[in-house]
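The following note sets out points for a colleague who is examining this model. The sequence and structure come first, and the numbered points follow.

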Amino acid sequence: MPTPFPFLRHGLLLVLLALLVGCAGLTSREALEGQGDPGRWQAHKREIGALDAWQISGKVGIQAPRESGSGTLFWLQRQEYYDIRLSGPLGRGAARLTGRPGTIQLEVAGQGRYQAESPEALLEQQLGWRLPVSHLLWWVRGLPAPGSRSRLTLDGNSHLARLTQDGWQVEYQRYVEQNGFWLPERLKLYGQDLVITLVIKDWQPRRLGL
């Protein structure tokens, strides 16, 4: 039987939080396929890539070989600063990750507070794992993360339908238009013996750099 989100092991929680703020590089190498138009895709990518602030609320589900669970997600992004909160039913099992490049702080209800220079460092510090954590900071907007090779499948609207990158596959199952931007509303991530489902119920995108 799947266990509620509050009872997921500490390791799974850290993996998810690390995914949410995985570091990004500076360049991108894409292989395109599918029925979309490459020119429209490039225009869409520039437009969405310019978003440097948003507020998201929704649900997240995790499936792992021995356990699974679900909870709620709140994500505030203001350029390089982020505030990400995960919680299970009735607020149990809550976790909050805040920070900016070079320093992050994780608070887990009933377990304590942890600090590190990066999500990857936090994983290694707490679990001794060195995982090639990918970049949901980009994926959640329907973009490949810069810095590594990616294979993209475009849908008929020249948005991402499927993305393969750094050992993960992302399926974009539904998009929504918000403030003139087309953004993912439902996506699934497969990799590292995990399946993560994100359902975004409210998108509030902004551009602060203009």
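1. A salt bridge is taken here as a side-chain nitrogen of Lys or Arg within 4 Å of a carboxyl oxygen of Asp or Glu. By that criterion Arg174 and Glu185 are joined through their side chains, with an N to O distance of 2.8 Å. Helices (H or I, at least four residues) and strands (E, at least two) are DSSP runs, numbered from the N terminus.

2. Basis of the model. The model is predicted: local features need pLDDT of at least 70, side-chain atom pairs count only at pLDDT 80 or more, and totals for chains, interfaces and linings use all residues. Residues are numbered from 1 along each chain as its sequence is written, and side-chain values use heavy atoms, with hydrogens and water left out.

3. Overall content. The protein chain contains 4 helices and 12 strands. Of its 210 residues, 49% are buried, where buried means under 20% relative accessible area, exposed over 50%, and partly exposed in between (1.4 Å probe, protein chains only). The chain exposes about 10300 Å², with carbon and sulfur atoms supplying 48% of that area; accessible areas come from the Shrake-Rupley method with a 1.4 Å probe, and for residues only the protein chains shown count as cover. With contact defined as heavy atoms within 4.5 Å, 54% of the contacts between residues at least 6 apart in sequence join residues at least 24 apart.

4. Strand E2 (residues 53-63) pairs antiparallel with strand E3 (residues 68-78) over 11 bridges, and a hairpin through 4 residues joins E2 to E3. Within this pairing, Lys59 has Thr72 in E3 as its bridge partner. E3 in turn runs antiparallel to E4, joined by 7 bridges, and Gln77 has Tyr82 in E4 as its bridge partner. The hairpin of E3 and E4 has 2 residues between the strands, and Gln79 in the turn has a positive phi of about 55°. Strand E4 (residues 81-87) is antiparallel to strand E5 (residues 95-100), with 5 bridges between them; Arg85 stands opposite Arg96 in E5.

5. Charged pairs. How many salt bridges does a search of the whole structure find? There are 6 salt bridges. Glu30 and Lys45 form one of them, their closest N and O atoms being 2.6 Å apart. Since Glu30 lies in strand E1 and Lys45 in helix H2 (residues 38-49), the pair ties together parts that are 15 residues apart in sequence. Glu33 forms a salt bridge with Arg151, with the closest N and O atoms 3.2 Å apart. This pair links distant parts of the chain, from Glu33 in strand E1 to Arg151 in strand E8 (residues 149-154), 118 residues apart. Glu33 is partly exposed at 36% relative accessibility, and Arg151 is also partly exposed, at 45%.

6. Thr197. Thr197 lies in strand E12 (residues 194-206). Is Thr197 buried or exposed? Thr197 is buried, because its relative accessible area is 14%.

7. Ala116. Ala116 is located in strand E7 and is buried, with a relative accessible area of 13%. Its C-alpha is 6.8 Å from that of Gln105, a residue 11 residues away in sequence.

Methods
Two strands pair if DSSP finds at least two bridges between them.
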